[in-house]
Amino acid sequence: MKKQNRVGSRLLIGLVFLFLYAPILLLIIFSFNAGDSNVVWRGFSLDWYGKLFQNRLIMESVYMTLLVSILATVISTVAGTFAAIGLFGLKRRWRNPLMTVSNIPTVNADIVTGVSLCLLFGACFMTWGRFAAWFNDVQSVVELPERLTMGFVTLLLAHIAFDIPYVILNVAPKLRQMDKNLIDAAQDLGCTWMQAFWKVILPEIKPGVVSGALIAFTMSVDDFVISYFTAGSSTSTLAMAIYGMTKKRVSPEINAVSTLLFITVLVLLILSNVLEARQEKLAERRAEMKPMPQRRPILPPVVRRPWFRRTVAGVCACSLVLVVGALAAATGSRPVVNVCSWGEYIDEDLITQFEEETGIRVNYQTAESNETLYSLLKSGGGDYDVVVPSDYMISQLIEEDMLAELDYDQIPNFSLIDPQFRNLPYDPENKYTVPYAWGTVGIIYNSTMVDEEITSWSAMFDPKYAGKVMLINNSRDALGIALKYLGYSLNTTDEGEIREAYQLLVDATDGGVYAGKIMDEVFQVMEGGNAAIATYYAGDYLTMLENNEDLRFVIPEEGSNWFVDAMCILKDARHPAEAHAWINFMASTDAALANMDYIWYGTANSEAIAQYPDYYLENYGEELDQETFDIIQTPPEVLERCEMYLVLPKETRELYKSLWIKLGV
Amino acid sequence: MSKELIRLSDCVVKFDDEIILDHLNLYINDKEFLTLLGPSGCGKTTTLRIIGGFLSPTSGDVFFDGQRCNDVPPHKRQVNTVFQKYALFPHLNVFENVAFGLRIAKVPDGEVTQRVMEMLEVVNLKGFERRPISALSGGQQQRVAIARALVNRPKVLLLDEPLGALDMRLRKDMQSELKRIQQELEITFVYVTHDQEEALAMSDTVVVMDGGLIQQIGTPEDIYNEPKNAFVADFIGESNILDGIMRADGVVEIFNRRFQCLDGGFAKDEPVDVVIRPEDVDIVPETEGQLRGTVTQVTFKGVHYDTIVDFYGFKWLIQTTDYCPVDSRIGIKIDPDGIHVMKKSAYSGMFGDYSSYSEEYDEIGDASLAPDEEGSGDEE
């Protein structure tokens with residue numbers, strides 16, 4: 001009976017640990033996968049780790065993370081230690097409530113801390129702006145910058161702010177354990193307060209200081225939410241970069257970087273635990289009061305090592321100077337352009353190439369969706385020069401007067417843009433945009449799981465495929481599919497037509513056609529053969545095809561949506577000249593070719609379209625498959641059947657929203 | 001005695017609105033062993049902290065060797081302190097603890113070694129240099145603390161209840177040890193304690209304090225034999241304190257009976273407090289006694305019996321080697337030098353009645369076991 005119980009409880013413990021660690025284990029395993037799938041194992045390889053170190057975005061964010069974490073740790077450890085000593089010196093009546101108050105941030109929700117810091121910085125910047133404007137008005141000797149934006153400094157301040165309580169929390173117990181008379185005793189023996197701090201207090205509370213610093217560092221490296229709200233657009237930490245990358249899919253590069261992050265944090269935690277354990281053991285031994293065996297009864301001259309401490313201090317100071325110097329060099333007076341695009345939407349070699357050619361530093365950030373980008377721009381959280389929104393969002397931005405008219409004289413490469421991609425509905429006079437990439441939405445299906453060649457959207461509603469179809473999880477695309485199937489326009493504002501399309505979705509849902517609604521998960525589901533049919537973007541299909549050769553792509557005969565992401569310059573951009581240079585560079589034939597080859601989305605550069613088959617042959621030593629090329633660069637006759645999204649009037653947007661919510665329920 | 005070294009002049013210390021020291025005036029001579037004696041919260045530790053420089057008086061002046069030193073920080077005073085719980089540095093070994101002050105003063109290594117070793121010899125800790133503090137017993141830690149303070153050759157050593165944490169036997173040993181060291185090194189000791197036995201055994205001068213005021217300053221003999229008021233009489237040893245009336249020089253009336261005494265200089269018929277030490281009372285047969293009473297309680301104490309006797313409703317403590325059973329009637333006789341007459345004070349009527357004998361006796365016994373309360377009480 002008893003034995004059984006024990007087996008049961010062991011099993012339970014095993015399950016708990018499995019549940020806790022299986023996801024991380026999986027992540028670590030797949031970081032060594034040779035293929036780029038998270039489902040299919042293609043053998044062991046260290047490729048992703050290699051790629052990781054060549055991934056500019058990640059390496060820059062790692063550098064930023066380390067810089068912020070180290071600086072924040074150093075500053076908050078010093079500040080927190082002295083704060084703890086100060087609190088400790090207070091009368092109990094004050095000390096206890098103050099300690100509680102200082103601990104609150106550690107249990108406060110990150111999101112609240114992040115938002116409130118964001119608000120605070122915003123308010124400070126506004127006040128400063130007014131002051132600077134007034135100051136510049138009344139005198140002309142010094143020109144103060146009127147517009148401040150969030151960036152490295154705010155990020156650092158935020159990290160220091162949330163690190164300090166952890167340091168206090170770790171140092172305070174050590175102070176409480178310390179005999180208060182020690183400080184008096186040191187001063188009595190000739191120490192000034194500062195000497196007493198170094199010679200007596202610090203050695204006593206050192207374990208607390210060290211573990212406080214370690215925890216502060218871990219927290220800093222780990223933090224996403226607070227950084228997200230305080231870093232502004234020009235700075236991003238590792239966690240933010242990873243989050244940006246997941247916009248498209250969880251790439252094995254993320255597995256690799258997450259594995260490294262996990263191991264780093266693990267090592268730090270083990271280190272701090274070992275330190276603590278050793279300290280406790282020492283304390284225990286002290287408590288036992290075992291008289292130590294006397295090895296050398298005659299006085300051994302005590303070795304003093306002032307050089308040691310001086311060396312350590314020197315090394316610390318030097319490294320701090322180096323770090324700050326590196327920071328200054330990194331953010332210094334070099335011209336810069338802040339770009340916001342989508343995750344995995346550029347061949348990063350192009351950034352390096354651009355920087356080498358022009359000497360302009362590119363600050364490349366990513367947003368998750370058009371809507372996120374929009375709200376970022378609206379809230380003033382973005383400090384971007386160039387953004388790459390999609391068609392319908394561009395018209396909205398133009399409508400709201402947020403884009404600057406481009407100076408096409410500075411973009412000679414615009415002449416290479418195929419006429420087919422000029423004066424598109426979102427920018428009819430082509431005053432604001434240069435196309436970046438474009439693509440189509442179509443049906444991706446697994447040829448082994450259906451017995452016919454799919455050519456129509458009807459497959460998306462066919463009870464025959466019940467439980468095998470994945471619906472795209474956004475209202476515009478899902479209802480768009482139904483509208484197209486019914487032969488209506490994607491941009492219809494007729495409520496009857498929209499409701500008809502909605503009914504189609506409802507019937508299919510009720511008929512059990514859809515196994516689920518997904519976005520980025522589509523990669524895993526389709527690669528793994530877990531669904532037969534899904535709707536997604538052409539470029540992404542090619543990525544999936546690499547991992548599952550049975551997949552097919554079709555733009556249904558009823559037509560579909562085609563979209564363009566175009567480069568625009570924001571009205572309040574601070575680096576317009578650099579922004580134009582960047583757009584011109586990206587519009588060039590070489591850049592277009594390289595980028596097209598990397599992201600597998602179509603280009604609008606007519607030379608690049610013409611040269612791509614040769615480019616492919618040259619680079620891969622084999623002929624470009626025409627079918628593949630047609631998927632990347634949808635031929636004009638197919639494109640004719642497709643429609644572009646336009647901004648819908650408000651009432652139609654509301655209707656979409658309410659229908660979508662109903663469908664979800 | 002020798003010249004004056006420290007003077008506290010009209011010192012007042014207030015925390016918030018609480019008066020801790022009330023216009024204290026005190027001078028301390030060179031090479032003197034002076035003890036500040038009093039119950040918890042009497043201001044003795046505060047006085048010590050003023051001398052040490054850890055506390056500035058709210059008003060009043062502190063002089064050291066004739067120089068005003070109110071604002072001189074502790075590390076610049078020629079004074080060292082032995083703290084209540086020693087406050088040894090746990091991260092340093094015995095040698096480095098003792099050497100600490102010399103290191104701060106940047107004394108050359110060779111001299112440090114020599115002086116530390118000398119001092120360890122003085123406190124009988126030779127051979128312990130390499131030990132960590134945690135491996136020492138309480139008494140050994142105590143000696144390290146003393147050595148650490150004395151190695152700096154201070155003019156004054158302040159000791160804040162240094163023996164409070166030791167057990168009885170060790171405390172007795174350390175008392176004579178301290179006295180020996182003080183005489184050997186010829187340094188002024190200012191010693192704080194609440195233990196009257198300790199104070200009487202070691203001091204040249206005892207300062208009895210209560211409520212932030214000095215109650216009496218004198219040699220141990222003066223303090224014991226000629227207490228100035230009921231507080232001192234009660235705090236130092238056991239006392240029966242009675243209301244009396246001074247009828248003439250050398251004649252005091254207690255319980256309507258006249259007794260011969262050695263005191264004088266009072267007004268005629270002045271109400272006074274009369275102190276009679278329990279050991280100064282002789283028990284005689286009832287018929288021969290100057291006063292007659294009933295025994296209510298007897299406790300065997302080893303050397304003597306503590307006998308509580310009821311005289312006309314007032315209970316006395318009498319220490320005698322003669323056993324008198326409970327409820328027996330006895331008489332007592334007091335020699336004139338056993339009677340000590342004091343002026344009436346704020347403390348009159350508060351002490352010296354043994355009707356609640358057991359509780360009060362216990363309380364006195366307890367006080368020596370609770371030095372911690374004292375420390376925290378003074379700090380707050």
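Leu238(A), Ala239(A), Met240(A), Ala241(A), Ile242(A), Gly244(A) and Met245(A) are the buried residues of helix 10 of chain A. Helix 10 spans residues 238–245, and because seven of its eight residues are buried, the helix is largely enclosed by the rest of the structure. Please keep in mind that this is a predicted model.

**Helices 6 and 8 of chain A**

- Helix 6 of chain A covers residues 152–177 and helix 8 of chain A covers residues 193–222; they pack with their axes 8 Å apart, at an angle of about 150 degrees.
- Angles over 145 degrees count as roughly antiparallel, and helix 6 and helix 8 of chain A are therefore roughly antiparallel to each other.
- Their crossing is right-handed.
- On the helix 6 side, the contact is made by His159(A), Phe162(A), Asp163(A), Tyr166(A), Val167(A), Asn170(A), Val171(A), Lys174(A) and Leu175(A).
- Helix 8 of chain A contributes residues including Ile201(A), Glu204(A), Ile205(A), Pro207(A), Gly208(A) and Met219(A).
- Sorted by class, the residues of this contact are twelve nonpolar, six polar and three charged.

**Helices 4 and 5 of chain B**

- Helix 4 of chain B (residues 138–150) packs with helix 5 of chain B (residues 168–185) at an angle of about 15 degrees, and their axes lie 12 Å apart.
- Since angles under 35 degrees count as roughly parallel, helix 4 and helix 5 of chain B are roughly parallel to each other.
- This crossing, between helix 4 and helix 5 of chain B, is right-handed.
- Gly139(B), Gln142(B), Arg143(B), Ile146(B) and Leu150(B) make the contact from helix 4 of chain B, while helix 5 of chain B supplies Leu170(B), Met174(B), Glu177(B), Leu178(B), Ile181(B) and Leu185(B).
- Seven nonpolar, two polar and two charged residues make up the contact of these two chain B helices.

**Cysteines**

- Over all chains, the count of disulfides is zero.
- Cys568(A) has a relative accessible area of 0% and is buried.
- Cys642(A), at 9% relative accessibility, also counts as buried, because the cut-off for buried is under 20%.

**Chain B as a whole**

- Chain B holds ten helices and 20 strands.
- Of the 380 residues in chain B, 56% are buried.
- Looking at contacts in chain B between residues at least 6 apart in sequence, 68% join residues at least 24 apart.

How values were computed: Residues numbered from 1 in each chain as written. Chains lettered and ligands numbered in written order. Predicted model: local features only at pLDDT ≥ 70, side-chain atom pairs only at ≥ 80, totals over all residues. Heavy atoms only, no water. Axes fitted to C-alpha atoms, helices over the stretch in contact; angles between N-to-C directions. Helix = DSSP H or I, 4+ residues; strand = E, 2+ residues; numbered from the N terminus. Parallel < 35°, antiparallel > 145°, perpendicular 65-115°, else oblique. Left-handed = near helix turned anticlockwise from the far one by under 90°. Contact = heavy atoms within 4.5 Å. Nonpolar A, V, L, I, M, F, W, Y, C, P; charged D, E, K, R; others polar. Disulfide = S-S within 2.5 Å. Buried < 20%, exposed > 50% of the residue type's maximum accessible area, 1.4 Å probe, protein only.
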